[in-house]
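Please read the numbered points alongside the sequence and the model.

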Amino acid sequence: MPLASVYPLVSTRALARPFTYEVPDGVGKGAVVAVRLGRSSTRGVVAEVGVEAPSGISPAAVGKVLDRIPPPLVDLALWIADYYGSTPARALELVAPLRRAPRGTRPSPAERESLAGEPEPGSLTGEQRTAVARITTAFDEGCGAHLLLVGPTGSGKTEVYLQACAAALERGLGTIVLVPEIALAPQTVGRFRERFGDTVAIMHSALGEAERRDERDRIASGEARIVVGARSAVFAPMRGVGLIVVDEEHDAAFKQESDPRYDARTVAAKRAALEGAVAVYGSATPRPESWARLERIELSVRIGAPMPRVRLVDLRREAGYPLSAPLLAELGRLADRGGKAILLLNRRGVAPALHCRACGVSRRCGSCDVALTLHRDGRLHCHHCGFSEPVPEACPACGSSQLAQIGAGTQRLETELERHVPELERIRLDADTAAEPGALRATIERFRAADRAVLIGTQMVAKGHHFAGVELAAVVDADTGLALPDFRAEERTFQLVTQLAGRSGRDAPGLVLVQTFQPEATPLRFAQRHDVAGFLAEEIERRAALAYPPLRHLVTVVASGPDASGPARLLREVREGLASVDAQVLGPAPLLRLRGRHRAQLVAKTSEPRRLARQAAALLAAAGPALRKSGLTAVVDVDPQSL
Ligand SMILES: Nc1ncnc2c1ncn2[C@@H]1O[C@H](COP(=O)(O)OP(=O)(O)OP(=O)(O)O)[C@@H](O)[C@H]1O
Ligand SMILES: [Zn+2]
């Protein structure tokens, strides 16, 4: 029997290497097999067949073949383990998830309406034709491509994906479409289903066990040749992938925030390269990284309606926060003649902080270094750990009863709207109202059906949905985002305003109001002119001066522990161990305490992210036993989404 190198799927770092086993003829790379490892049995993934036996060892035989994944996914997983400083086993779990056997009666399979025959547009615009042609040329040359499709909301990007997908199908190639969150993309999913019917499979975390298995089987067997899903769909067991689309490529949801901390956009690029496929990244507001690195295809105009006018409301001159006079005037007009508005405020609750007027102290969470947020349930909540306490009658620090609410959250905004424009129905969309299953959909439906309403919410309201009849959109407070101590603060603010503008005026002349104390801020000035290229040029220059991406990669090491000094001490050692890598290493700097744990962070700016991450991971692995004894933990994050 041939010998194979097999990675056992066990989490112990000491066993993070391949072992040699005998495999039956016909078992190849990508087979998921039962193996014995020491005294236990586990699953393993075959990485290579036809290897030599290590000297002095007679390899055991593998057990049953449990599954077969496409061979390129094995290479993809091993690459992820290396690039993101994880282990082969953890990365292979992503591409070869455990298949649980069906138990007893199983729920009926996912309902798949057989819809076909969505009307295609009579003709593509010239720009759309050019875009589709560029993609199909890449199919026919068979050498892959990495393309950025840039165009304002409503410029027909989705139609380009659909046409490219059809062209892939004609050539016998499959397509993977990644969206930030399935729940926020029902319209995109619907359009793929309508155009392509049953050959579309959906993959996302809310699927039940049986549904997920059914969809995986349909993909693996080749019955489904199109997959639409959230970030993990980049690991779909599809063979012959010709096209990978990443829609709304600027969205932070493509990054996984637990080990392996992979970025589905980077993984999509790697998978496309491994399979000779074409990767298309689409957005109205692309990341500076994509703008600088990818070949661009541009759609310049919105189809059917001009972009809305964007007006900056200077809060230094206008009283009445959170509802300034200009905003109230516009809302009043809607109340009179009917219509819909979307108000964006990126803070939940009534007020972001409760502050004592006498001693100046604001109530903070006992285990996290953050102010507690006042909610309408009469309690103060920690948005990090979920702790809550009743609102105190008097300041616990000095006894004064003069407690003031600072700022406004979505709940307070709702109350103010009720007072000033009671004619408008108020519909709130944030993590509090979307918590229950189905609530998100119901909220969106309510707003769609209303004819005189305001949708109030956090950034969720700026994502993806197309609502008819939205004439007014407003950013209630553009300054909170700008003030974040994050190198992406400018990028995020520009994206938020521009994406929100895209929700307005799709079928009516639209207006966007942006309330701010800093109307001269770069992202706001460019967003006002819908100048994506101008903003990105300036932003890339600013980033380059500071050696941020796209000029360099970032790698962070975050340590946490039970006392204040431990994390920083550990990171100083890590920093010394990184001296040989070409990188600028900053820190350790203290971070906010979270859930009672003290934290600190190292930030490295480097052109060798992989080498640096590998070195940091090796240092931490070597220090493992000592760390466990002192209750310290540390994680390495390559290409983090924020600092
Ligand atoms: N060539 C065309 N002719 C007529 N209508 C079109 C054409 N292409 C797209 N449309 C229509 O224009 C609207 C906007 O197109 P689409 O949704 O594809 O834009 P988009 O850029 O993907 O928008 P978003 O960024 O919001 O996802 C849709 O209603 C679509 O059906
Ligand atoms: Zn807390």
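1. Asp639 is placed in the segment after β27. The model is a predicted one, and in it the phi angle of Asp639 is near 55 degrees, a positive value in a residue other than glycine. Is Asp639 buried or exposed? Asp639 counts as buried, because 20 C-beta neighbours lie inside 10 Å, and the cut-off for a buried residue is 20 or more.

2. A positive phi is also found at Glu248, again near 55 degrees and again in a residue other than glycine. Glu248 belongs to the loop between β10 (241-247) and α7 (264-275). With 25 other C-beta atoms within 10 Å, Glu248 is buried.

3. One pairing can be named: Ala583 has Thr606 in β26 as its bridge partner. Strand β25 also holds Pro588, and the peptide bond from Gly587 to Pro588 is cis, with omega near 5 degrees.

4. Another cis peptide bond joins Tyr321 and Pro322, where omega is about 5 degrees. Pro322 is located in the loop between β13 (309-314) and α9 (325-337).

5. As for the overall division, the chain is split into domain 1 (3-95), domain 2 (126-298), domain 3 (309-349 + 408-535) and domain 4 (553-638). The C-alpha centres of domain 1 and domain 2 are 29 Å apart. Their contact takes 15 residues from domain 1 and 13 residues from domain 2. On the side of domain 1 that touches domain 2, α1 (71-83) and α2 (88-95) each supply at least two residues, and the largest share, 7 residues, comes from α1. By class, that side of domain 1 has 12 nonpolar, 1 polar and 2 charged residues.

6. Val65 lies in strand β5 (residues 65-68) and is partly exposed, with 15 other C-beta atoms within 10 Å. Neighbours within four places in sequence aside, Val65 is in contact with Val27, Ala31 and Val33. Val65 and His598 are 533 residues apart along the chain, and their C-alpha atoms are separated by 46 Å.

7. Leu149 lies in strand β6 (residues 145-150) and is buried, with 28 other C-beta atoms within 10 Å. Not counting residues up to four places away in sequence, Leu149 touches Ala131, Lys157, Val160, Val280, Tyr281, Gly282 and Ile297. From Leu149 to Ala397 the separation is 248 residues in sequence and 55 Å in space, C-alpha to C-alpha.

8. An unreviewed UniProt entry places the feature "binding site" at Cys356, Cys359, Cys395 and Cys398. Why can these four be said to gather at one spot? They span 43 residues in sequence, yet no two of their C-alpha atoms are more than 8.6 Å apart, so they come together at one place.

9. Cys395 counts as buried, with 21 C-beta neighbours inside 10 Å, whereas Cys398 counts as exposed, with 12 C-beta neighbours inside 10 Å. Leaving aside neighbours within four places in sequence, Cys395 is in contact with Cys356, Ala358, Cys359, Val361, Ser400 and Leu403. On that basis Cys398 is in contact with Cys356, Ala358 and Cys359.

Note on methods
Residues numbered from 1 in each chain as written. Chains lettered and ligands numbered in written order. Predicted model: local features only at pLDDT ≥ 70, side-chain atom pairs only at ≥ 80, totals over all residues. UniProt positions renumbered as here; feature names shortened; annotations may be inferred. Contact = placed C-beta atoms within 7 Å. Domains from an automatic or database assignment. Helix = DSSP H or I, 4+ residues; strand = E, 2+ residues; numbered from the N terminus. Nonpolar A, V, L, I, M, F, W, Y, C, P; charged D, E, K, R; others polar. Pairing = 2+ DSSP bridges.
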